2 protein chains.
Amino acid sequence: MAEPWEEFLGLVRELRALEDISGLLSWDQRVMMPVRGAAARAGHQRALAALHHSRLVNPRLGELVRRFEDGELPAGQRRIVERLSRARDHAVRVPARLVDELAEATSAGYDTWLEAREASSFSIFAPALERIVALKVEQAEALGYAGEPYDAHLDLFEEGETVRTTEPMLRGLAEDLAPLLSMVRNSRRTRPQLPRGPYPADAQMRLNREVAETIGYAFDAGRLDVTVHPFEQTVGTGDVRITTRFLPDDVTSGLLATIHECGHAMYEQGLPADLAGTYAGVAASFGLHESQSRFWENHVGRHRAFWEREAGHVAALFPDVPGLDIETLHAACTRVEPSLVRVEADEATYPLHIVLRFELELALFRGELRTGDLPGAFREGLQKHLGVVPANDTEGVLQDVHWSAGLFGYFPSYAIGSVYAASLYRAACDALGGKPAVEESMRVGDFTGLLGWLRDNVHSLGSTMSARDIVGRATGMPASGPIDHTDYIAHLHDRYDAIYAG
Amino acid sequence: MAEPWEEFLGLVRELRALEDISGLLSWDQRVMMPVRGAAARAGHQRALAALHHSRLVNPRLGELVRRFEDGELPAGQRRIVERLSRARDHAVRVPARLVDELAEATSAGYDTWLEAREASSFSIFAPALERIVALKVEQAEALGYAGEPYDAHLDLFEEGETVRTTEPMLRGLAEDLAPLLSMVRNSRRTRPQLPRGPYPADAQMRLNREVAETIGYAFDAGRLDVTVHPFEQTVGTGDVRITTRFLPDDVTSGLLATIHECGHAMYEQGLPADLAGTYAGVAASFGLHESQSRFWENHVGRHRAFWEREAGHVAALFPDVPGLDIETLHAACTRVEPSLVRVEADEATYPLHIVLRFELELALFRGELRTGDLPGAFREGLQKHLGVVPANDTEGVLQDVHWSAGLFGYFPSYAIGSVYAASLYRAACDALGGKPAVEESMRVGDFTGLLGWLRDNVHSLGSTMSARDIVGRATGMPASGPIDHTDYIAHLHDRYDAIYAG
């Protein structure tokens with residue numbers, strides 16, 4: 001069976017190569033491309049996507065998959081087939097007509113979303129969104145699902161998760177965060193304000209590179225550039241790139257963004273080399289990916305022990321800014337304040353933005369909410385969960401690009417990321433001699449323990465099991481039923497009770 | 001016939017998209033990629049090349065080509081078919097076995113060439129080169145040729161040119177340059193030496209960007225970066241990138257390199273938009289491409305009138321370097337001095353390096369020279385044509401990468417470029433009111449006349465005719481028989497008699 005296996009691997013590697021190449025095109029578009037290159041680049045991406053699709057659905061690949069599924073394979077090879085089969089099923093099940101309609105609807109949707117934001121008027125976007133939702137429900141029927149249509153989309157981002165496993169976690173988060181927010185709102189404690197700089201970009205870049213290197217991001221297998229929105233992009237094995245952005249009046253914001261992207265990138269840099277070029281060698285889920293960025297951002301970058309070391313570096317790098325001491329810098333990284341905009345939310349209120357979006361998406365998919373009623377529902381949800389009221393649609397229902405791109409079922413992964421991160425950090429500390437020992441490592445800038453633990457327990461597993469199984473194995477979280485958010489809430493109380501109580 | 005034509009265009013555009021994408025991968029590899037990304041990148045390029053080949057030889061494309069070749073098409077469409085058919089024939093005629101062997105031989109050839117250079121010992125490289133030459137002769141038989149095997153390779157770079165049209169030009173150049181070199185050798189004139197700086201890189205970058213913009217390179221459709229070896233790379237319509245490099249002790253070297261690459265890039269930026277995505281919309285030949293870089297480098301960047309404007313800018317940008325006046329700067333750009341290394345040669349002696357390589361390649365292909373005798377033949381040729389003697393193989397026969405990559409028949413395009421450039425410049429001046437008028441435009445930094453003439457007479461034609469026809473139409477050079485190098489020799493006498501006579 002060696003020969004068909006080699007043929008199969010060759011076809012899978014070609015698919016993965018096309019994905020990496022598309023990743024480079026996308027990175028280049030956001031970081032390097034001149035403005036007038038946009039039209040040609042869109043054509044290149046379309047050509048790659050069409051080739052990828054035709055190679056994925058090609059009948060010979062289907063034959064090989066069936067042959068291996070019916071045969072006896074070692075577990076490692078079986079998982080490679082399983083993962084490819086999953087991707088191929090997604091491609092085969094959705095008819096070409098629906099793929100084209102979705103591409104057209106989301107392309108138009110993005111344009112009208114931009115227009116609607118500009119005018120701060122949801123009604124401009126409403127017809128396009130209504131069409132997108134209808135097509136996504138149709139897509140769910142084509143893909144198939146466990147319990148209800150929304151499950152089909154959840155499963156695209158989190159293999160195996162459903163409304164049944166996700167909703168209790170999200171509703172539980174809303175419930176358990178309420179008393180914490182109450183405490184913050186009623187707190188009479190005052191905290192020092194971060195000096196507004198100026199923090200020159202070149203000194204921020206030096207700081208960010210130094211921190212990225214210290215926590216374990218490998219610059220010989222990546223690079224750090226500046227873009228409007230920070231992101232991580234894998235371009236191939238040994239080539240995992242990140243970007244960040246610097247605010248002139250806040251040195252912590254860019255640094256936390258860099259640490260966040262480093263978390264994503266170190267996951268990619270640690271994926272199993274022997275499975276490179278297969279779908280068993282990639283990240284296990286979007287939520288697990290986000291857990292890696294949140295692990296480093298929340299549990300390292302916002303930790304007081306981390307700042308005990310970094311505060312001195314920061315003060316030295318910005319000699320013209322007085323008052324850059326540990327209290328001030330740590331306070332800037334651990335402020336809790338309910339706000340309107342998801343991407344600017346702090347680590348405690350962030351999941352509430354997700355709960356709101358999840359509730360609305362589910363209601364749309366269940367036919368319990370009409371598209372036209374979204375702005376009001378969004379406003380009410382913001383008030384209910386966060387106690388804030390948007391002044392207009394741009395601050396409210398139009399703030400995210402996701403729906404215009406047809407990305408339903410994606411938001412929960414962000415909350416799952418925060419939740420997984422807290423459990424992983426708790427388990428890592430248990431394994432590494434307890435929290436005080438880990439904190440002492442942070443104080444001396446030694447992150448090899450934490451990174452090594454993540455390498456062994458998360459990164460090196462790739463997709464050889466589901467994200468849920470990986471987290472379960474590493475932390476003891478139950479591998480079925482609702483996702484358990486206990487560690488996350490405990491982490492928040494651990495950090496913020498001391499800061500805000502009284 | 002509309003539907004098959006759309007199908008055909010779709011297939012051609014896909015091929016061109018894959019070429020553009022490969023161009024981006026190559027640019028990124030040389031400018032941006034982290035070191036550990038190399039292995040994955042090589043895999044991506046192999047995957048793209050395999051896809052490109054399979055799409056190019058696919059029988060359906062062949063059917064469509066034959067159908068259009070047999071039918072009646074408007075001239076514009078006919079040329080699109082002709083150009084695709086030419087590319088397809090090249091791919092179809094060379095058997096897969098030979099393609100693989102060549103890929104393997106040149107990959108190994110490059111490695112042993114590096115090793116041989118390191119050790120300055122040709123014998124390390126000799127067996128690999130012998131195999132490459134044998135395979136290239138075999139490839140010539142597969143491709144077919146007009147008169148002799150070497151013609152097949154010439155034709156890959158210069159459609160329609162043969163030994164019969166190229167050799168007389170190259171031998172004529174050697175003959176006509178001898179008296180000029182004699183004059184230079186016997187000259188008693190002394191010229192001011194350029195101060196050795198230092199010229200900080202950031203100030204050089206400002207100068208280079210300003211000059212690039214002034215002569216007409218569009219930055220919103222490109223970008224300028226720094227690499228070890230300057231190059232131009234097209235990534236797509238509206239995205240034509242260049243690189244340069246800066247010497248700390250010579251401000252003119254980097255600037256001339258930038259102007260050279262701008263010449264390549266402005267050609268690409270001026271190709272016909274309505275033919276984009278077809279092989280009629282690309283550059284007509286390697287020699288014509290080189291003529292565009294040489295046009296700007298030699299006829300503008302080395303022109304005294306150009307420096308009458310730029311000298312002041314340079315002096316202002318480097319206030320710490322005394323003596324940056326027009327005499328000194330212009331002298332640095334117009335020094336003639338026979339030397340060992342082709343890539344460092346001045347505009348007058350450069351073609352002699354090409355004559356030498358052409359003679360050796362032709363002798364190898366004709367079986368008149370054995371690979372093992374190359375080092376001696378190279379040494380003798382350098383002495384005969386340039387009067388210099390290399391100290392070792394690295395300075396001599398091992399100086400170029402081309403042969404290790406199997407690039408035989410490529411070198412003549414460089415000389416053709418210089419020759420075409422001189423004729424195009426002469427014709428442009430005739431059309432624009434004579435040389436004094438053009439020089440006056442240079443003095444005030446107005447290059448719209450020259451660029452506009454090139455756009456109309458070269459760039460906008462793409463490959464709708466052969467390079468030779470384009471140059472013939474624009475300059476009156478005979479469109480068949482030996483390439484006419486009269487204008488080039490006249491240009492050199494025009495410039496250098498005044499500098500070196502006496």
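Me: Which helix of chain B is B:Trp296 found in?
Reply: In this predicted model, B:Trp296 is part of helix H11 of chain B.

Me: Is that residue, B:Trp296, buried or exposed?
Reply: B:Trp296 has 0% relative accessibility. The cut-off for buried is under 20% relative accessible area, so B:Trp296 counts as buried.

Me: What is B:Trp296 in contact with, leaving aside its neighbours within four places in sequence?
Reply: Its contacts, with those neighbours set aside, are B:Ile215, B:Ile259, B:Gly263, B:Met266, B:Gly301, B:Phe447, B:Leu450, B:Leu451 and B:Leu454.

Me: And where is B:Phe306 relative to B:Trp296?
Reply: B:Phe306 and B:Trp296 are 10 residues apart along the chain, and 11 Å separates their C-alpha atoms.

Me: Let us turn to H17 of chain B. Which of its residues are buried?
Reply: Helix H17 of chain B covers residues 435–443, and its buried residues are B:Val438, B:Glu439 and B:Met442.

Me: Why do the buried residues of H17(B) line one face of the helix?
Reply: Viewed down the axis of H17(B), the buried residues fall within an arc of 100°, so they line one face of the helix. In general, an α-helix has 3.6 residues a turn, so residues three or four places apart point the same way.

Me: What covers the buried residues of H17(B)?
Reply: The cover includes four helices of chain B: H11 (286–301), H12 (304–317), H16 (411–431) and H18 (448–457).

Me: Which residue just after H17(B) takes a positive phi?
Reply: That is B:Gly445, with a phi of about 75°.

Me: Changing topic: how many aromatic pairs does the structure hold?
Reply: There are 48 aromatic pairs over all chains. One of them joins A:Phe8 and A:Phe68, whose ring centres are 5.3 Å apart with planes at 65°, so this pair is edge-to-face.

Me: Where do A:Phe8 and A:Phe68 lie?
Reply: A:Phe8 is in helix H1 (residues 2–31) of chain A and A:Phe68 in helix H3 (residues 59–70) of chain A, so the pair ties together parts that are 60 residues apart in sequence. A:Phe8 is buried at 0% relative accessibility, and A:Phe68 is buried with a relative accessible area of 2%.

Me: What about A:Phe286 and A:Tyr410, how are their rings arranged?
Reply: Their ring centres are 5.4 Å apart and their planes stand at 65°, so that pair is edge-to-face. The pair links distant parts of the chain, 124 residues apart: A:Phe286 is in helix H11 (residues 286–301) of chain A, while A:Tyr410 is in the loop between helix H15 (374–386) and helix H16 (411–431) of chain A. A:Phe286 is partly exposed at 40% relative accessible area, whereas A:Tyr410 counts as buried at 18%.

Me: Which residues do ring pairs link with A:Phe286 and A:Tyr410 into a cluster?
Reply: The cluster's other members include A:Tyr150, A:Phe157, A:Tyr350, A:Trp403 and A:Tyr414. The charged end of A:Arg294 sits over the ring of A:Tyr350, 4.5 Å from the centre of that ring.

Me: How many residues does the contact take from each chain?
Reply: It takes 35 residues from chain B and 35 residues from chain A. Between them the chains bury about 2600 Å², with 65% of it on carbon and sulfur atoms. In chain B, the residues that lose the most area to chain A are B:Arg36, B:His44 and B:Leu51, together 21% of what that side buries.

Conventions:
Residues numbered from 1 in each chain as written. Chains lettered and ligands numbered in written order. Predicted model: local features only at pLDDT ≥ 70, side-chain atom pairs only at ≥ 80, totals over all residues. Heavy atoms only, no water. Buried < 20%, exposed > 50% of the residue type's maximum accessible area, 1.4 Å probe, protein only. Helix = DSSP H or I, 4+ residues; strand = E, 2+ residues; numbered from the N terminus. Arc of directions from axis to C-beta. Contact = heavy atoms within 4.5 Å. Phe/Tyr/Trp six-rings, centres within 6.5 Å; stacked < 30°, edge-to-face > 60°. Lys NZ or Arg CZ within 6 Å of the ring centre and 35° of its normal. Buried area = accessible area lost by both parts, 1.4 Å probe.
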